[in-house]
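The sequence and structure are shown below.

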Amino acid sequence: MTSQTTVSASGPGDKAPAAPLEAPPAAGLRGHPWLTLITVAVGVMMAALDGTIVAIANPAIQKDLKASFADVQWITNGYFLALAVSLITAGKLGDRFGHRQTFLIGVTGFAAASGAIGLSNSIAAVVTFRVFQGVFGALLMPAALGLLRATFPAEKLNMAIGIWGMVIGASTAGGPILGGVLVERVSWQSVFFINVPVGALALVLGLLILRDHRAENAPRSFDILGIALLSGAMFCLVWALIKAPTWGWGDGRTWSFIAASVVLFALFSVWETRVAEPLIPLSLFRSVPLSAGVVLMVLMAIAFMGGLFFVTFYLQNVHGQSPIKAGLHLLPLTGMMIVGSPLAGAAITKLGPRIPLAGGMAATAIAMYGMSTLKADTSSGVMSIWFALLGLGLAPVMVGATEVIVGNAPMELSGVAGGLQQAAMQIGGSLGTAVLGAVMASKVDSDLAGNWTGAGLPKLTPGQLDQASEAVQVGVAPVAKGTPEPVAAKITEVAHHTFISGMSLASLVAAGVAAVAVLVALLTKRGANAESGAGVGHI
């Protein structure tokens with residue numbers, strides 16, 4: 001027989017949150033707040049690492065499996081797309097059945113899918129299991145936030161979310177370094193195999209420590225049609241953006257998917273106002289800070305994930321660095337995120353989120369502009385300045401936007417709020433890779449032929465130009481075997497110059513996105529409902 005302590009959680013439109021109830025003392029390890037934080041951090045670290053650790057392995061995967069540029073994009077986009085489509089539904093599952101069960105299923109499935117990728121010998125298998133990784137990652141990430149929201153007392157919740165955000169930020173930024181070591185010293189498969197023992201550790205800790213929590217007003221049914229409409233809308237949007245470089249922006253197929261996405265989003269919005277227990281109560285978005293937090297996460301991820309995708313190719317294929325050396329060159333980014341996250345948490349606690357978030361996005365915009373000035377011979381010192389500034393700018397956004405979104409949602413929707421926060425980041429990452437990938441491809445396609453003939457190289461046939469363009473988009477010089485050394489050097493110079501021109505334009509677009517995010521950050525404020533946390537429903 002279960003006992004349940006309940007608390008009334010206010011909605012975003014309420015004037016004041018309900019007073020929190022004291023959490024009953026934890027019996028032994030189970031339900032201990034700080035041990036709960038450590039447990040969910042292990043699981044979330046695994047999923048967050050996989051968002052970027054694969055980026056450093058992409059060149060090795062491409063070479064070993066003879067993958068195209070589009071295939072490599074799908075290794076990233078398949079993961080982000082599956083996360084984005086599944087996160088809000090997964091958050092609802094946690095609200096309905098309990099975040100503990102959802103988290104445990106998520107870490108187990110994620111580790112199993114990772115092991116399957118390591119055993120794959122085709123690009124199709126890698127992409128397929130990356131999609132499974134995304135689905136299981138969607139289960140564990142909002143569940144982690146739901147567990148923190150319900151476990152920590154109000155006065156400690158901001159600190160817990162700050163540490164949680166630091167783990168995500170450090171894992172996201174540290175992925176390329178760990179990936180570099182594994183790819184160079186072991187193999188690209190080890191990037192995925194490492195998740196198996198980490199997942200096993202998270203599962204054991206979860207079974208021993210996590211306590212289930214459910215709010216009094218937890219959902220009792222599912223909005224199946226809402227799930228289908230929202231999933232379809234997000235899939236159509238991201239699919240159109242990914243395929244646009246291949247189909248062309250003027251192609252009817254591209255606009256058909258965009259139009260289908262708009263229609264599905266509209267139908268979803270109408271349906272959510274009529275169903276008894278909606279997937280996402282639209283009343284959530286009456287909270288301007290919550291809505292601003294969601295938009296801010298999307299814009300931040302577009303700039304960060306989209307820009308990072310090309311930096312790894314720049315370091316390895318243009319500068320000729322090994323995976324480990326490329327990862328070490330990103331250490332200023334990682335280090336500043338680790339150092340900046342607790343500082344950002346302290347600043348947000350003292351000043352509120354508005355100023356730190358706006359300042360962080362301004363620093364991000366400046367850093368992305370600086371990255372647009374990188375050349376083939378740019379020194380490590382100059383690169384480090386821009387990478388460090390980027391890490392310093394991202395830290396307050398990783399911490400503060402999470403607090404804004406989760407803290408402005410009622411307790412019984414903590415899983416949905418966690419899903420919104422993560423979905424915003426993953427959609428932004430997918431959109432960043434897709435949109436900036438399209439910018440890169442378009443720039444390379446428009447410049448390569450002229451740069452090639454301008455350097456005095458023999459004119460290419462349309463087929464040869466397409467093949468050369470695909471190589472240049474990842475910074476590889478299309479030098480055929482047996483090419484004389486002087487000609488090979490000229491081809492390499494043209495390829496690298498063209499790649500950098502595309503990367504520079506993509507970085508400028510990312511800087512513009514970050515500048516817009518500064519204005520959005522000014523609409524945020526501290527979560528009004530954060531106090532309705534600890535003490536809700538121990539099962």
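## Arginine 130 and its surroundings

In this predicted model, arginine 130 is in contact, once its neighbours within four places in sequence are left aside, with Asp50, Val54, Ile75, Thr76, Tyr79, Ile117 and Phe192. The residue itself is found in helix α4, which covers residues 123–151. Because buried means under 20% relative accessible area, arginine 130, at 1% relative accessibility, counts as buried.

## The chain as a whole

The chain has 17 helices and zero strands, and 60% of its 539 residues count as buried. Among the contacts in the chain with a separation of 6 or more, 85% are accounted for by residues 24 or more positions apart.

## Helix α12

Helix α12 takes in the 21 residues 331–351, which at 1.5 Å a residue should span 30 Å; the C-alpha atoms at its ends are 29 Å apart, in agreement with that expectation. Along its course α12 bends by about 30 degrees at glycine 340, and proline 342 follows within four residues of the bend. Just after the helix, glycine 352 takes a positive phi of about 90 degrees.

Which residues of α12 are buried? They are Leu333, Thr334, Met337, Gly340, Ser341, Ala344, Gly345 and Ile348, so that glycine 340, where the helix bends, is itself one of the buried residues.

## The packing of α13 against α14

Two packed helices are described by the angle between their axes and the distance between the axes. For helix α13 (residues 354–371) and helix α14 (residues 380–407), the axes come within 7 Å and cross at roughly 145 degrees, and the crossing in which α13 passes α14 is left-handed. On the α13 side the contact is made by Pro356, Leu357, Gly360, Met361, Ala363, Thr364, Ile366, Ala367, Met368, Gly370 and Met371, while α14 contributes Trp386, Phe387, Leu389, Leu390, Gly393, Leu394, Pro396, Val397, Gly400, Ala401 and Val404. Taken by class, the contact of α13 with α14 has 17 nonpolar residues, five polar ones and no charged residues.

Valine 382 has its place in helix α14 and is partly exposed, with a relative accessible area of 36%. Its C-alpha atom is 9.5 Å in space from that of methionine 371, and the two residues are eleven residues apart in sequence; methionine 371 is among the α13 residues that make the contact with α14.

With neighbours within four places in sequence left aside, alanine 424 is in contact with Val294, Met297 and Val298. The C-alpha atoms of alanine 424 and leucine 296 are separated by 8.3 Å, although the two residues lie 128 residues apart along the chain.

Alanine 471, in helix α16 (residues 462–472), is likewise buried, with a relative accessible area of 18%; that value falls in the buried class because the cut-off is under 20%. Apart from neighbours within four places in sequence, alanine 471 is in contact with Val476 and Pro478. Between alanine 471 and phenylalanine 499 there are 9.5 Å in space, C-alpha to C-alpha, for a separation of 28 residues in sequence.

Definitions and conventions: Residues numbered from 1 in each chain as written. Predicted model: local features only at pLDDT ≥ 70, side-chain atom pairs only at ≥ 80, totals over all residues. Heavy atoms only, no water. Expected span 1.5 Å × (residues − 1). Bend = angle between axes of the 7 residues up to and from the residue. Buried < 20%, exposed > 50% of the residue type's maximum accessible area, 1.4 Å probe, protein only. Axes fitted to C-alpha atoms, helices over the stretch in contact; angles between N-to-C directions. Left-handed = near helix turned anticlockwise from the far one by under 90°. Contact = heavy atoms within 4.5 Å. Nonpolar A, V, L, I, M, F, W, Y, C, P; charged D, E, K, R; others polar.
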